[in-house]
There are 4 protein chains.
Amino acid sequence: MKPACLVMGAGAGIGGTVGKHFARAGYHAVLCRRSDEDGLKRLVEDIRAEGNDATGFLLNAAEEGTIEERVHAVEAEIGPIEVVIYNLGAQIGNRPLAETSYKAFELGWRMATFGLFRLAREVCPRMVERGGGIIIVTSATAAVRGNSGQHSHAAAMAGRRLLCQSLNAEFSKQGIHVAHVLVDGMVDAPDTVGKMLGEETFEKIRATRGAEDGLILPDRVAETYLHLVNQHRSTWTFELDLRSYSDTPWFNHE
Amino acid sequence: MKPACLVMGAGAGIGGTVGKHFARAGYHAVLCRRSDEDGLKRLVEDIRAEGNDATGFLLNAAEEGTIEERVHAVEAEIGPIEVVIYNLGAQIGNRPLAETSYKAFELGWRMATFGLFRLAREVCPRMVERGGGIIIVTSATAAVRGNSGQHSHAAAMAGRRLLCQSLNAEFSKQGIHVAHVLVDGMVDAPDTVGKMLGEETFEKIRATRGAEDGLILPDRVAETYLHLVNQHRSTWTFELDLRSYSDTPWFNHE
Amino acid sequence: MKPACLVMGAGAGIGGTVGKHFARAGYHAVLCRRSDEDGLKRLVEDIRAEGNDATGFLLNAAEEGTIEERVHAVEAEIGPIEVVIYNLGAQIGNRPLAETSYKAFELGWRMATFGLFRLAREVCPRMVERGGGIIIVTSATAAVRGNSGQHSHAAAMAGRRLLCQSLNAEFSKQGIHVAHVLVDGMVDAPDTVGKMLGEETFEKIRATRGAEDGLILPDRVAETYLHLVNQHRSTWTFELDLRSYSDTPWFNHE
Amino acid sequence: MKPACLVMGAGAGIGGTVGKHFARAGYHAVLCRRSDEDGLKRLVEDIRAEGNDATGFLLNAAEEGTIEERVHAVEAEIGPIEVVIYNLGAQIGNRPLAETSYKAFELGWRMATFGLFRLAREVCPRMVERGGGIIIVTSATAAVRGNSGQHSHAAAMAGRRLLCQSLNAEFSKQGIHVAHVLVDGMVDAPDTVGKMLGEETFEKIRATRGAEDGLILPDRVAETYLHLVNQHRSTWTFELDLRSYSDTPWFNHE
């Protein structure tokens, strides 16, 4: 039985791509996403077509019990979860406070922060019992600084970043590697960034900035995630940032 | 009609003491806390005995509608809220992940993060319309780093810190001063710290460390809060830390 | 004999203005600057005209022995140095690496970092012996993030920021209050900012942005410095930021 | 002609080990260190024994002209410098301010900060002309927070960290990858840590903590350095931390 790599938020961007790379590396990729059953099927079939293992599930992480049940079922039916890729964001675009509803603010927290907490409660005891595991969290600039229109997003991402530090403080010594990856720039991700910007705009950006490697490529992100998994326990990374060579870091200005 | 200083979390520590100082400075202190009606009464009477204005309310900030109704009522019946002291914490002591319930994690967020969001939604438009105001948030070390046993606390406080940055980014230019105060050390606060440690232990600490000014004194915190309120708009502080001279900063080790 | 407030970098901006305020507060203002003897004289006379005490010295902080001798002489002839305002910057404008000479890089370090180290070596033992004192360092955005063209400036300011943390770690418990003030925005300072931008440009900015309090006012900075000096030792601030309400914090973008 | 990997600070710890790994990866390892000609010879011979290329040089980075001449000579005689490993520290152990001499403080800066500046001035224009290159800087906890006894070390390392940010801001867009690696823990490095602690103590630590992977292994650090070099320019890391699973991060306490 292969170990499982559980991907929460497995769209056509970082999540699905990382799943594919981990399937190649010998894991059973368990791909979870909220919607787009067809897209999910294609991802699973792509991986299987390469001779590797994948299973897809539609799952609303904001709903009670969903994450917990999925972990139980994967452990019982697919394999021990050795790798978690927590790839759920809480980006809802820029919205002034007056247009940020209670519901949106809470949903951001449920997806980005509380979802990881629930997942950690399920997988950490199992990982500790088995002697190890890794939880990689895909994060964003909003985790390190608030900004105009980011009331919901930044609060959720920053809460999650320190949750990762707390998880690391408790579980690192017990063999669980927690890694927080600051994705600081636009990702070449049609399912998320593409939909937020609109297809036409996104294709223009791909044809210009993207043509010169100005968009973060999910395949390359996956390489760094694999490196994190392969780090020896004497030399673990808790946090790293990723951005295109041509992009300006969050702490600089144009 | 005096302007109101709305204190959320007005116990015998920083909250109540800041309320008293602001009453002396000409505000009507509106003191809100979840429980201990007697303690609240004493606070209000103490302030009135000095010839100043105060009103107290029992209020559960985690409950729907409570903060919103209070803001409406204060504005209608007491005076325009010019100062907000957001003094609600989410400290539940150190608890390993397995002992941090969903309920505790969510409550931390409801008190520390979502409560400020709800309050900001109510007061910011009013402050903007009146040309200004100030929101001072009492924060803690947990807002800048997660730690063992701090799963709930650190996530809530860090989320709030970046919410403050987002509020500042949107509202500073509109005249609202947001200030995030990192209280990095033990406070001489019988109602919170005292109860968490137990009276006996707390009195011992007071008699030793406290006797040499090793506990942060709420009266002194209030002086810094007053200074923040008095800062000219050309020269505003967003963030500052406070600790005793004899204490070790969070970023150092013993 | 009045206690002395030693100001390193006492131009017509923050340094000189803080000196004036501290003179009003009962200190003998000892104003040191590298050049412009006439400007220095005017500052000293302004303070004396108010009935307060001030003495001015031309002093090149980058030169061997200058700071040390000044401390000795002030302590012997004027009064015990209870307050240090370290107001020397290392700003040389934006310069690409190829145009940043070895000399400029080293000078930045000599002025901003090494100068404070030398001064601390002289005053800290004296302050410890007398039971206390305060060192306030005027800092800048460059202390917390490097940027294009800031090779010299950011390296010097960041080195100094952590030197302040190291000084605080050793001397806070011995009664010396170290405070690092992040001045994050343009200051209404004709002697430094004015000269860097050119008089005409600077006057235009004053007449527009400045007219709406968009420039940090030295008089207001001085008020915060005085507050720092007056903080009780149970409740000291190590770091705070200052910027105009209308300015964008360094961690945000326009 | 192979491209050169220039290692500044090539002892038996991270520096030499990274050199060996890069030699295996096809670079000519150019190993520079201040002293211990025998140790240097052994390193070079070890690499050559594996059939790879290495050359060693004794070099005092604090001395005028040394770094510059080495760059010239390597470029002329060995190969284009595509990789720089800047591995010079400034650790002098914990020393109170009174025991930190001017010389020690300046030497820390010369080694850790100014040396990198000088090296960057030499290699950056060459890298830009050739379309790319990478500079990896081995850093330490002291780069992000000052501490008791760290007056010299922290000032030098923090200055260097922001110099790296400034270099990145100018040169990333021109194809130079700058990476700042926070080595946050004790390294299994006999030449530096071993000498600082004394051989006996160090061997004891190796036999206990080290036996359970509680010391950072230079071979594992080298793997992460190789990963950095192999990152695609769409997805570069500027900063990451490294520590043993059993160690406490700098931002936490024991």
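Predicted model: local features only at pLDDT ≥ 70, side-chain atom pairs only at ≥ 80, totals over all residues.
The interface between chain D and chain C was examined first. The size of an interface is often given as the accessible area lost when the parts come together. For chain D and chain C, the buried area is about 3200 Å², and carbon and sulfur atoms account for 67% of this area. The contact involves 41 residues of chain D and 41 residues of chain C. On the side of chain D, the greatest losses of area to chain C fall on Leu97(D), Tyr102(D) and Phe105(D). Together, these three residues make up 22% of what that side buries.

Between chain D and chain C, 18 residue pairs are in polar contact, with both residues of each pair at pLDDT 80 or more. Two salt bridges were found across the interface of chain D and chain C. One of the salt bridges joins Glu106(D) to Arg110(C), with 3.2 Å between the closest N and O atoms. Among the elements of chain D, helices α4 (102-130) and α5 (151-171) each contribute at least two residues to the side that touches chain C. By class, that side of chain D comprises 21 nonpolar, eleven polar and nine charged residues.

Chain D is also in contact with chain B. Here, nine residues of chain B meet eight residues of chain D. The area buried between chain B and chain D is about 760 Å², and 41% of that area lies on carbon and sulfur atoms. On the side of chain B, Phe251(B), Asn252(B) and His253(B) provide 58% of the area buried against chain D, more than any other three residues. The count of salt bridges between chain B and chain D is zero, whereas six residue pairs, both members at pLDDT 80 or more, are in polar contact across this interface. The residues of chain B that touch chain D divide into three nonpolar, four polar and two charged.

Within chain D, strands β2 (residues 28-33) and β3 (residues 54-58) run parallel and are joined by five bridges. In this pairing, Leu31(D) of chain D has Gly56(D) in β3(D) as its bridge partner.

Over all chains, a search of the whole structure gave 72 salt bridges. One example lies in chain A, where the side chains of Arg24(A) and Glu50(A) form a salt bridge with an N to O distance of 2.7 Å. Arg24(A) belongs to helix α1 (residues 14-24) of chain A, while Glu50(A) lies in the loop between α2 (37-49) and β3 (54-58) of chain A. This pair links distant parts of the chain, the two residues being 26 residues apart.

How values were computed. Residues numbered from 1 in each chain as written. Chains lettered and ligands numbered in written order. Heavy atoms only, no water. Contact = heavy atoms within 4.5 Å. Buried area = accessible area lost by both parts, 1.4 Å probe. Salt bridge = Lys/Arg side-chain N within 4 Å of Asp/Glu carboxyl O. Polar contact = N/O pair within 3.5 Å; in protein donor to acceptor, adjacent residues only side chain to side chain. Helix = DSSP H or I, 4+ residues; strand = E, 2+ residues; numbered from the N terminus. Nonpolar A, V, L, I, M, F, W, Y, C, P; charged D, E, K, R; others polar. Pairing = 2+ DSSP bridges.
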